[in-house]
Each structure stands twice: as structure tokens, then as C-alpha cells.
Amino acid sequence: MVAQIYAKPLWSRNLTEWQYWLVTVGFTGFFSVLTLAGFQQGFSWEQGIPEVNVLPQLHAYYIARGIFGAMIVISGIVQMVNIGMTIFSNTAERRRRETLRVAEAVAPPLGT
């Protein structure tokens, strides 16, 4: 949307890809870890285990939750950088060079 509002291409397609995969993997992992931790906690409580005794079992889940949460935060930072650079820099020439590099990688010029 920012590219259309400012009528210029995004600063970096690679940052857009990184942001997408960071948020996708981060959110999926975060959701999965919270679900599994909830099942672990619920099954333990169902067996009558006090909450204070269940917390050590959830330690690994909280570490994974922190890692996946950090991925989500990093994806937001990457997105802010990409949007900021799109707004405050000349992106047309950068994108032209980036597109030319990709095109030459896919179909090298005939002379080489």
C-alpha cells in the first residue's frame, strides 16, 4: 500500500520476503507452542498436579515461545525499515538494478 500511496516501488523485495517468512514461521510456531503448552498444562491439572509443579514442565515451551515471538518482532522491524526506506529514498533506480540482476541470473546475456 505504501508503494502505491507514494507512487514508487518498495525499497527491497528481499526484505519483503524476509519479513513475510519471519512473521509466517514466527506466528505459526508461536501458535503451536502455546497450544502444546496449554495441553500440557491442562492434562497436568486434570491429574491434580498443583500449578507450581507444572511450571518446570513448561520451561521449554516458554523458551520456544520467546524465540518465535522474537521472530515476529524482528519481522515488524524489517517491515518498518523497508517502508521507511521506501518513503525517504529513491527506490526506482535501486529496483531497476535489482530486477536487472535477477533477469541476468535467470537468462544471462547472449554475449556471456
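## Pocket

On a 1 Å grid over the protein atoms alone, a pocket is an open set of points where a 1.4 Å probe fits, with protein on both sides within 12 Å along at least five of seven lines, and lining residues have an atom within 4 Å of a point. This is a predicted model, in which local features need pLDDT of at least 70 and side-chain atom pairs count only at pLDDT 80 or more, whereas totals for chains, interfaces and linings use all residues. Residues are numbered from 1 along each chain as its sequence is written, and side-chain values use heavy atoms, with hydrogens and water left out.

The largest pocket has a volume of about 200 Å³, where a volume is the space filled by probe spheres set on the grid points, which are joined across faces, edges and corners. Its lining consists of Met1, Val2, Ala3, Gln4, Leu10, Thr16, Gln19, Gln79, Asn82 and Ile83. Two or more lining residues come from each of helix H1 (2-5), helix H2 (13-46) and helix H4 (59-88); helices are DSSP runs (H or I, at least four residues), numbered from the N terminus. By class, the lining of the largest pocket holds 5 nonpolar, 5 polar and no charged residues. Here Ala, Val, Leu, Ile, Met, Phe, Trp, Tyr, Cys and Pro count as nonpolar, Asp, Glu, Lys and Arg as charged, and the others, Gly among them, as polar.

## Packing of H2 and H4

Two packed helices are described by the angle between their axes and the distance between the axes. The axes of H2 and H4 come within 8 Å and cross at roughly 155°. H2 is therefore roughly antiparallel to H4 (angles over 145 degrees count as roughly antiparallel). Axes are lines fitted to C-alpha atoms, for helices over the stretch in contact, and angles run from 0 to 180 degrees between N-to-C directions.

The crossing of H2 past H4 is left-handed, a term that applies if the near helix is turned anticlockwise from the far one by less than a right angle. In the contact of H2 with H4, the residues divide into 18 nonpolar, 9 polar and 1 charged.

Met1, a lining residue of the largest pocket, is placed in the segment before H1. Met1 counts as exposed at 79% relative accessibility (exposed means over 50% relative accessible area, buried under 20% and partly exposed in between, with a 1.4 Å probe and protein chains only). From Met1 to Trp18 the separation is 17 residues in sequence and 18 Å in space, C-alpha to C-alpha.

Ala7 lies in the loop between H1 and H2. Its phi is near 55°, a positive value in a residue other than glycine. Ala7 is also exposed, at 69% relative accessibility.

## Residues along H2

Helix H2 contains Thr24, Val25 and Gly42. Thr24 is partly exposed at a relative accessible area of 27%, Val25 is partly exposed at 36%, and Gly42 is partly exposed at 34%.

C-alpha to C-alpha, Thr24 and Val78 are 14 Å apart in space and 54 residues apart in sequence. Val25 and Pro9 are 16 residues apart in sequence and 26 Å apart in space, C-alpha to C-alpha. For Gly42 and Val54, a sequence separation of 12 residues goes with a C-alpha to C-alpha distance of 9.6 Å.

Key
Parallel < 35°, antiparallel > 145°, perpendicular 65-115°, else oblique.
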